[in-house]
Amino acid sequence: MKDEVTREERVTNLKGLGSSRKRVEDARFTQGKGHYVDDINLPGMLTGDFVRSPYAHARVKSINIDAAMALDGVVAVLTAKDLEPLSLHWMPTLAGDKQMVLADGKVLFQGQEVAFVVAKDRYIAADAVELVEVEYEELPVIVDPFKSLQSDVVLREDLDPNAPGAHGPRKHHNHIFTWEVGDEDGTNAVIDDADVVATEEMYYHRTHPCPLEPCGSVASMDKVNGKLTLYGTFQAPHVVRTVASLLSGIEEHNIRVVSPDIGGGFGNKVGVYPGYVCSIVASIVTGVPVKWVEDRMENLMSTAFARDYWMKGKISATKEGKITGLHCHVTADHGAFDACADPTKFPAGFMSICTGSYDIPIAYLGVDGVYTNKAPGGVSYRCSFRVTEAVYFIERMIEVLAIELNMDAAELRRINFIKKEQFPYDSELGWEYDSGDYHTAWEKALKAVDYEGLRKEQAERVAAFKRGETRTIMGIGLSFFTEIVGAGPVKNCDILGMGMFDSCEIRIHPTGSAIARLGTISQGQGHATTFAQILASEIGIPADSITIEEGDTDTAPYGLGTYGSRSTPVAGAATAMAGRKIRAKAQMIAAYLLEVHDDDVEFDVDRFVIKGAPERFKTMGEIAYAAYNQAIPGLEPGLEAVSYYDPPNMTYPFGAYVCVMDIDVDTGVPKINRFYALDDCGTRINPMVIEGQIHGGLTEALAVALGQEIAYDEMGNCKTATLMDFFLPTAWEVPNFETDFTVTPSPHHPIGAKGVGESPHVGGVPCFSNAVQDAFRPFGNRHTNMPHDHWRIWKTANDLGLHD
Amino acid sequence: MITAAFEYHRPSDLAGALSVLEEHGDDARVIAGGHSLIPMMKLRMAEVPHLIDLQDIAGLKGITIEGGMVTIGAMTTQHELINNEALLSATPIIHEAALQIADPQVRYMGTIGGNVANGDPANDMPGLMQCLNANFTLEGPDGTRSVKAREFYEAAYMTELEDGEILTQITFSAVNAGYAYEKQKRKIGDYATAACGVLITKDGDKVATASIAMTNLSDVPVLSEAAGAALVGTSCDAAAIKAAVAAALEDIDPTEDNRGPVEFKMHVAGIIISRAIARAWSRA
Ligand SMILES: Cc1cc2nc3c(=O)[nH]c(=O)nc-3n(C[C@H](O)[C@H](O)[C@H](O)COP(=O)(O)OP(=O)(O)OC[C@H]3O[C@@H](n4cnc5c(N)ncnc54)[C@H](O)[C@@H]3O)c2cc1C
């Protein structure tokens with residue numbers, strides 16, 4: 001058979017690794033044809049809505065549902081009393097704590113769920129919510145974690161103050177845990193003796209992932225066959241199925257969990273919310289499907305927040321700037337319940353990556369978790385577990401140390417980077433960095449922006465400002481980050497006991513196309529596009545001929561879901577491994593068809609060829625057909641494979657970012673003139689998708705650094721519950737982003753890929769923040785807290801006397 | 001975020017609208033673009049059992065300019081204000097200000113009438129109308145009357161508009177003046193941290209008249225006559241601008257919100273006012 005197509009064309013046609021293939025999801029999303037939870041309408045479906053607490057801390061004296069029940073169209077009003085017989089008035093959190101599903105005697109944060117109204121439609125439900133009469137007795141409110149640890153007020157009366165919590169002993173009735181890594185005495189000894197020490201306190205403010213689509217679920221209990229179907233905004237549908245089974249007592253095979261299209265998650269949709277539980281109970285009680293979809297205010301006020309870390313750092317160095325030790329203590333405000341979504345053994349996530357990209361000989365991290373009267377959560381907003389906090393911490397400490405040393409911050413980073421030849425590198429706080437080439441990335445970035453030129457320009461601008469010729473100043477923000485993603489090895493990573501492996505199952509159809517199902521779930525990451533590309537390169541079937549399916553627990557293999565940039569490192573690896581199983585069988589089929597020994601054929605793009613005689617071959621299409629229509633001795637018919645992948649290690653993407661910013665000192669308005677982002681995520685599967693992820697992550701980084709926060713007043717009222725005050729940037733506020741890359745493959749990942757969805761957020765926040773702070777460095781600034789909104793920037797200028 | 005139930009009325013003439021208003025009194029309210037009213041209804045901060053939609057009433061829309069007088073129908077959208085060529089040349093400050101309101105989606109719906117009748121000190125048009133010394137025409141059961149924008153606002157959400165009245169049009173004379181509308185906001189779609197409209201006419205190289213009005217710096221829009229007076233007769237030099245700013249700051253009373261504390265707002269207001277004056281003067 002003669003081949004008309006060149007090898008190069010065959011590679012291009014596959015649209016495999018490295019192809020900037022267009023996202024297959026976008027046709028439906030850009031035409032408004034997505035199918036989200038709120039698009040699900042089942043026959044007879046009812047709608048649920050919450051009565052929520054207006055108070056941050058109060059005793060619930062009584063709940064009167066009579067008026068609500070009397071409203072035409074109201075079917076039920078559930079309170080904790082109704083859930084108690086089922087033991088569902090409380091639920092376990094992913095962090096080993098428990099959380100009220102509906103207020104059980106008291107409320108602990110504003111917006112807490114008090115009663116669940118079930119009605120014929122959402123309009124009636126909303127009216128009925130107004131009719132439920134709740135009598136509260138206000139209690140003292142604590143919004144400050146430091147005061148909480150001093151206070152006599154017991155927030156969690158359900159907990160025995162003397163009993164240990166899920167992560168060991170508790171020091172106070174409002175204390176949750178202490179988590180320590182590293183050698184504190186050794187670190188202190190080094191710091192005490194050091195030439196130079198910089199200390200700083202910084203608050204990484206509370207914010208919120210705020211996905212475009214809020215959270216929701218539709219529960220449908222079929223009483224005839226005993227099956228529960230649960231549709232919802234779940235970043236981890238299989239875990240939800242397991243939890244639902246454990247909570248409800250319904251056997252797991254009788255529960256089907258479906259995540260339809262999800263409009264963004266960013267960590268907000270990892271945990272389990274009272275709304276999910278209540279929709280299930282309501283469906284069981286009423287016998288018909290029940291939908292619950294929250295609105296924007298409910299999403300911002302009651303679902304999982306991110307950050308809220310009070311961090312205290314000490315960093316020591318030699319006179320020349322070589323870092324000798326790092327000490328970090330965090331007071332972590334977890335709100336009313338500890339509902340962090342971290343692997344079980346890591347109550348502060350991977351905060352211990354806080355030694356960053358630097359070769360630091362000794363370090364210590366201590367974290368104290370604290371209860372306050374704020375919404376629960378503590379999820380990783382577009383980052384692997386607490387990595388954004390860790391990277392912000394070290395990248396600020398580096399800047400402060402540079403000030404202390406009177407040294408350029410780029411140079412200080414350069415002399416402390418872990419060297420290429422030190423990888424795999426064992427960090428002091430226990431991580432094995434898989435691969436990296438930081439110096440090359442840094443040099444490339446600094447060169448790309450003409451760093452020296454920028455510093456000269458900045459010096460001229462400072463001089464002009466001091467001469468009174470301008471009222472704007474210039475900041476150069478630097479950040480170099482190392483992420484830790486792809487959780488994770490089953491030996492130390494689990495969620496509710498489930499090891500954090502992931503999975504892929506592939507079926508090749510007789511005519512040479514395929515379907516692959518994974519344990520992950522895209523929320524905008526483009527899995528249907530990129531996983532098909534991994535497979536295309538592994539099995540020689542064009543990506544366009546491969547369907548990727550996720551999110552239905554009845555069909556997809558068990559997996560731990562999508563968050564923490566884990567899909568490519570874990571499920572992507574499973575996909576490659578399953579592909580390799582397909583290829584191994586295909587090789588036997590090809591050899592049989594070509595009448596040669598298995599070892600005499602080799603894989604070549606989209607076919608197996610006879611070694612040394614590439615004109616004799618069988619395409620994957622021919623092989624697939626043969627798998628179904630021929631009896632091949634010694635082989636089962638069909639062409640399918642499953643792989644469950646337990647990653648041997650995390651992956652460690654890294655990057656170098658530079659932001660150039662002007663600040664109007666009189667109004668506090670910043671203007672970003674340039675943002676350069678170099679990312680190294682190992683093997684690049686789809687450069688266009690990577691670029692899209694980077695633009696998105698940087699946009700959210702800008703948001704967090706420059707204004708996005710969840711703020712409370714002294715009474716525990718949430719002051720930022722609408723998009724008027726919760727900063728979600730528009731195209732207008734977002735600058736042009738320049739992207740760049742280096743490629744340092746992961747040595748342990750089957751295709752060398754590391755994951756990229758969150759890097760830009762992790763690296764971006766300190767970069768924007770450092771730009772603001774760097775602008776004020778020549779005028780005596782050391783550190784100011786985010787978010788750098790207009791008034792806080794203005795205040796920095798004011799405090800430094802720039803308005804005098 | 002669901003409104004309470006309401007009755008929807010859609011009269012085809014003004015008389016019809018007025019009669020529904022009369023019939024239901026306090027329980028009725030007109031809706032124009034809905035972009036201030038509907039959010040309030042969804043938050044259940046406004047309960048409106050009878051909603052009267054004005055959009056089918058011919059004659060409430062449109063812009064006419066005759067003999068130096070500009071007349072704008074209450075139902076004219078902010079989008080239409082921005083895209084009207086004649087208005088742009090007659091009173092360019094409206095174009096500059098309207099472009100700083102919200103975002104295109106809001107401006108397609110939001111009307112000038114709703115913006116000025118709303119009584120929200122954060123709305124940009126009230127201050128602008130005071131700056132232009134506009135007149136509001138109000139139709140009610142007892143006939144038509146005219147109220148000056150400068151006398152219309154009493155307190156937040158409290159205006160001269162009586163129950164039963166509808167604002168039909170806004171009129172002002174087109175002045176050939178240097179103009180500027182300067183606004184600081186946190187993002188597109190946000191209300192002002194501080195905003196200021198300025199109109200300056202010139203006599204030789206001196207300021208002949210100056211009109212300075214501010215948005216979101218008190219519980220009502222603020223026209224600072226003292227600030228204007230501080231500029232008249234000067235060559236609008238640094239000292240004159242400083243004096244005008246000082247006078248304007250005397251007339252405002254901002255409150256703390258998520259945009260920042262009073263101290264910050266006062267400072268930013270001063271900067272915004274001085275920039276607006278300087279830009280208006282450069283165009284005079
Ligand atoms: C996201 C967002 C951002 C915004 N940003 C800004 C901004 O920066 N600056 C700004 O100025 N505005 C802003 N707005 C408000 C917007 O301009 C509104 O459209 C405007 O305030 C009201 O106009 P409307 O036609 O929508 O009035 P509606 O919302 O329909 O009505 C507002 C009020 O005026 C009354 N009313 C309306 N028409 C009449 C009439 N003819 N006679 C008597 N009473 C009447 C109504 O009864 C109601 O009480 C924003 C709105 C949104 C949603």
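Helices and strands here are DSSP runs, numbered from the N terminus. Keep that in mind for labels such as H12 and E19 of chain A. One more point before the tour: this is a predicted model.

**Stop 1**

Select A:Pro424. It sits in the loop between helix H12 (409–416) and strand E19 (425–426) of chain A. The peptide bond joining A:Phe423 and A:Pro424 is cis, with omega about -5 degrees. Why stop here? Most peptide bonds are trans.

**Stop 2: another cis bond**

Stay in chain A and select A:Gly488. Look for the loop between strand E21 (472–482) and strand E22 (494–495). Show A:Ala487 as well. The bond from A:Ala487 to A:Gly488 is cis, and omega is near -25 degrees.

**Stop 3: backbone angles**

Most residues other than glycine have a negative phi. Select A:Ser87, in the loop between helix H4 (80–83) and strand E4 (90–92) of chain A. A:Ser87 is not a glycine, yet its phi is positive, about 60 degrees.

Switch to chain B and select B:Tyr157. Its loop runs between strand E8 (153–155) and strand E9 (158–159) of chain B. B:Tyr157 has a positive phi too, about 65 degrees, and is not a glycine.

**Stop 4: two helices that cross**

Two packed helices are described by the angle between their axes and the distance between the axes. Return to chain A and select helix H15 (residues 527–539) and helix H16 (residues 567–594). At what angle do the axes of these helices cross? The angle is roughly 35 degrees, and the axes come within 9 Å. The crossing of H15(A) and H16(A) is right-handed.

Show the side chains at the contact. From H15(A), the residues include A:His527, A:Phe531, A:Ile534 and A:Leu535. From H16(A), they include A:Ala571, A:Gly572, A:Thr575 and A:Arg580. By class, the contact has seven nonpolar, seven polar and three charged residues.

**Stop 5: the ligand**

Select the ligand, then the residues around it. How many residues surround the ligand? There are 30, and the closest are B:Val30, B:Gly33, B:Gly34, B:Thr111 and B:Asp124. This shell divides into 14 nonpolar, twelve polar and four charged residues.

Next, look at the ligand's oxygen atoms. One is 2.7 Å from a polar backbone atom of B:Gly33. A polar side-chain atom of B:Ser36 also lies 2.7 Å from a ligand oxygen. At B:Arg29, a side-chain N or O atom is 3.1 Å from an oxygen of the ligand.

Alone, the ligand exposes 960 Å², and the protein buries 93% of that. Finally, colour strand E2 (28–31), helix H7 (112–117) and strand E10 (166–173) of chain B. These are the elements that give two or more residues to the shell.

Conventions
Residues numbered from 1 in each chain as written. Chains lettered and ligands numbered in written order. Predicted model: local features only at pLDDT ≥ 70, side-chain atom pairs only at ≥ 80, totals over all residues. Heavy atoms only, no water. Near = heavy atom within 4 Å. Polar contact = N/O pair within 3.5 Å; in protein donor to acceptor, adjacent residues only side chain to side chain. Areas by Shrake-Rupley, 256 points an atom, 1.4 Å probe, with all protein chains shown as cover. Helix = DSSP H or I, 4+ residues; strand = E, 2+ residues; numbered from the N terminus. Nonpolar A, V, L, I, M, F, W, Y, C, P; charged D, E, K, R; others polar. Axes fitted to C-alpha atoms, helices over the stretch in contact; angles between N-to-C directions. Left-handed = near helix turned anticlockwise from the far one by under 90°. Contact = heavy atoms within 4.5 Å.
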